[in-house]
Amino acid sequence: MSKDERVSEDSSDERIVSITGMYEDYFLDYASYVILERAIPTINDGLKPVQRRILYSMKEKDDGRYHKVANLIGHTMQYHPHGDAAIGDALVKLGQKDLMIDCQGNWGDVRTGDSAAAARYIEARLTKFALEVGFNSQTTVWQLSYDGRNKEPINLPVKFPLLLSQGAEGIAVGLSTKILPHNFNELIKASIKILQGKKVLIYPDFDTGGSIDVSEYNGGRRGGKVKVRSKIQIVDKSFLAIKELPYGTTTSAIIESIVKASEKGKIKIKKVVDNTAKDVEILIELSSGVSPEVTVDALYAFTLCEVSISPNACVIVDNKPHFMSVEEILEISTFNTQDLLRQELEIRRAELEEKWHFASLEKIFIEKRIYRDIEECESWAEVITAIDLGLKKYIITPGMEGYSVSDKLKLSRDITEEDILKLTEIKIKRISKFNSFKADELIANIEKELAEVLNHLAHLTDYTIAYFEGLLTKYGKDQNRKTEITTIENIEAQQVVANNAKLYVNYKEGFIGTGLKKDELIGPCSDIDDIIAFKKDGTFQVSRISDKVFMGKNIIHAAVWKKGDDRTTYNMLYLDAKTGRTMAKRFQAQGITRDKSYELTKGGENSKILYFTVNPNGETENVSIQLTPGCSAKKKIFEFDFADIAIKGRSAGGNIVTKYPIKKVTQLEVGKSSLGAQKFWMDDVSGRLNKDERGSFLGAFDTGDLILAIFKDGSYELREVDEMLRYEVKDLELIQKYDENAILNVVYYEGEKGWTMVKRFHIETSTLASKFTFISENKGSKLYFVSLHPEASIKYSYLKNKEKVHEDLLISEFIDVKGWKALGNKLGEFKIISFKDTSPEMIINEEVEMDDLDEAEIIQKDLFGNVESTDEGKKKSGPKDTINPGDTIEFDV
């Protein structure tokens, strides 16, 4: 007997039941049920069964007024074979999408994670959009409900890409789906392009806003991913404000992740306050001395302010799950909409043809007084026959051949007994008041509408496009994109993590760690950093930071090691024990395996390091070498310049310095970087400095070079260049490498006196990372124009006696160089309403229109070649390569 069989031995009459394969069959049945009936949406209408039944139930109860959600749940239960909780949750989620359901009451908040009120307290009804695109009983295919008492739609005839607009998420048995929501207007425009035979690309859009990187979206297929970020605003040096959220997160979840990161020491903050009301606002107060720019990056790296989402577009097609791209889903949905419109037109055509058919029969029946032919009939059969013969005198049908059609009405089908029965039901009152002209007018209107329907059927694609355009006009007004599509750079956690510990070293015993507080302090560190240690014997090692780690005795240098650091260079003199020579080498520590000891010398038991320095930017140095007095060398003291040798790999032997023993090495001077200046760019979107050639080129920066940023509020700032540096692009007027000899040429409006002023000055301040305002700080003062061009000039306009006056200004001739705090010279008692930069050899000339009287709004070419307003939120831009010298550009402001 098999283990998979159980046979009763008590009675030979009992049936033998095998359970072989039963588990497999039952599992497949269950998996199929979950996939088809619960978790995965259908391609036709984009709905899961519970969503479809909810919307159909709401349509059945629709009377234009709100209904209690509890009542709707109960009504849906006659179609959905599961509990009221599942229906209620699905209904609330549908309502929160704010597309198909019009909600009233407390429906919760997807931004904060607050749940909806109890079903007995909230109400709902279908939106006008849902009623227009989602229902048509004539094009719906029906099936019996689970208990056979009612009929329900197999799919709703949705004439819109609802699945892509709302998104979907579900976990079935053996597979799952995750389709991100897309923008309403963009979906409609993409559908129109598909009908026009064009290729389309669509990207997610979320009601919570934020920004998204779609470079790896892969059409929403399996294997793709998107990065989504909140929008964080730097309020000032002490406060950050989160204004928009990543998709799928809530304010409470983000705050919790921030608190956890703070408790772990990843970021340094004082407190977090949730001020969310109509708009999202999470206010973060920073600890004193903490950089807001670095904290923004740390929030992205260690909290839910940045999340990665992996889409997985899986839908039911012909009762089977299919994986496809969002563009493929949109194409199927678009042509499904076209087919539904075709069905509606064909149904309408049939209705109009029937209406025209009966109206024509009625006109003949009354005008030709055929009703009198039945006066002498003695039976109902004779009545039917009499009317039929009477009508055939004046009409011709497809079955009547041999008749002359010149004086007869041609029908599209034969006369049926049902037609005759309808004619006998016409009341005497209607016959007595019959108006032939009105009857002809009715038939003409029917023929006109029928011709229109036939034209739509003949030009179905154009009709479908017009339908989508109508949706766009009617419902697309407030459906603009909320999530900004951008490029999100990777943030190295080690670069932005807050220093939450202190690193100590015992040089002699060879221990390093955060717990050796009695030993020598190296400096601050974080618990995710790596440490590097160089030893006297010419070896080094990299290990993860811990409370106490042994790196080897006789450490000569220890520090935090940054992965990917291609600037830090080590200069070294060492004694080669095998030859007795002193060797010099320069190298970098890259491509390291943790806890592995690396040899820097040629080996040998007595090889040792004689001189060692760390140079953060690859600086060279000149040293004095003193040989031992007893050696045979004629010259006992000489200089050696590390600039004479190249930077090579850490395993290189180096160059011979001397074969004689060395007594002492002394550093004379530090030279410039031998790595050359570093080229920096600024990302035009994020405002972050980078060396990856993203955005606008700022220049090549060597040791000691600074970056100058001039802001639209009339202030400037000097900083040391750093990849961690970030600027708010909308606040920048100009940014470039600082030249201490450069002269700033400024035109601005002095708000208190109402004068337009001109000034020229050198930057005299030396304090870094601090803003200095160079225009008047009185209310109403604002910057018009700033340039570092040596011959800066503008052509400007202002109003005089309500007439526009144009004048030229060469700033260097108008005023001499003065101090940066000087107010400057008065140009006139007016506001500039437009200007054009006429400086020599300018690539772009732009004319800028100002507000004529009340508030002059300055628009000027920014560092990216865009035209940008000094007032936040107003920006007009044009590509550099399409504007030629001398062009005039008009702006409405």
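In which sense, left-handed or right-handed, does helix 3 cross helix 4? In this predicted model, the crossing of the two turns out to be right-handed. Helix 3 covers residues 69-76 and helix 4 covers residues 84-96, and their axes come within 9 Å of each other. The angle at which they cross is roughly 125 degrees. Angles over 145 degrees would count as roughly antiparallel and those from 65 to 115 as roughly perpendicular, so helix 3 and helix 4 end up classed as oblique to each other.

Another helix pair, helix 10 with helix 14, gives another picture. Helix 14 takes in residues 436-458, and its axis lies 9 Å from that of helix 10. Here the packing angle is about 160 degrees. Because the cut-off for roughly antiparallel is anything over 145 degrees, helix 10 and helix 14 go down as roughly antiparallel. As for handedness, helix 10 and helix 14 cross in the left-handed sense.

The largest cavity holds about 60 Å³ of space. Two elements give two or more residues each to its lining, namely helix 6 (162-166) and helix 10 (326-367). Among the lining residues are Leu-162, Leu-163 and Leu-164, along with Ile-329, Leu-330 and Ser-333. The lining also includes Ile-43, Asn-44, Asp-45 and Gly-46, as well as Phe-160 and Pro-161. Sorted by class, this lining has 8 nonpolar residues, 3 polar ones and 1 charged one.

The second largest cavity has about 40 Å³ of space. Around it sit Leu-708, a run from Gln-736 through Lys-737 and Tyr-738 to Asp-739, and then Ala-742, Leu-744, Ile-763 and Leu-788. That makes 6 nonpolar, 1 polar and 2 charged residues in the lining of the second largest cavity.

Strand 26, made of residues 539-544, is joined to strand 31 by 3 bridges, and the two run antiparallel. Across this pairing, Phe-540 stands opposite Tyr-598 of strand 31.

A further open sheet, also antiparallel in its pairing, has 3 strands in the order 39-38-40. Strand 39 (689-690) and strand 40 (696-701) have a single partner strand each, so one side of each is left without a neighbour in the sheet. Strand 38 (residues 678-682) pairs with strand 39 in the antiparallel sense, and 2 bridges make up that pairing. Within it, Trp-681 has Asn-690 of strand 39 as its bridge partner.

Technical notes
Residues are numbered from 1 along each chain as its sequence is written. This is a predicted model: local features need pLDDT of at least 70, side-chain atom pairs count only at pLDDT 80 or more; totals for chains, interfaces and linings use all residues. Side-chain values use heavy atoms; hydrogens and water are left out. On a 1 Å grid over the protein atoms alone, a cavity is a set of points where a 1.4 Å probe fits but cannot get out, and a pocket is an open set with protein on both sides within 12 Å along at least five of seven lines; lining residues have an atom within 4 Å of a point. Grid points are joined across faces, edges and corners, and a volume is the space filled by probe spheres set on the points. Helices (H or I, at least four residues) and strands (E, at least two) are DSSP runs, numbered from the N terminus. Ala, Val, Leu, Ile, Met, Phe, Trp, Tyr, Cys and Pro count as nonpolar, Asp, Glu, Lys and Arg as charged, and the others, Gly among them, as polar. Two strands pair if DSSP finds at least two bridges between them. Axes are lines fitted to C-alpha atoms, for helices over the stretch in contact, and angles run from 0 to 180 degrees between N-to-C directions. Angles under 35 degrees count as roughly parallel, over 145 as roughly antiparallel, 65 to 115 as roughly perpendicular and the rest as oblique. A crossing is left-handed if the near helix is turned anticlockwise from the far one by less than a right angle, and right-handed if clockwise.
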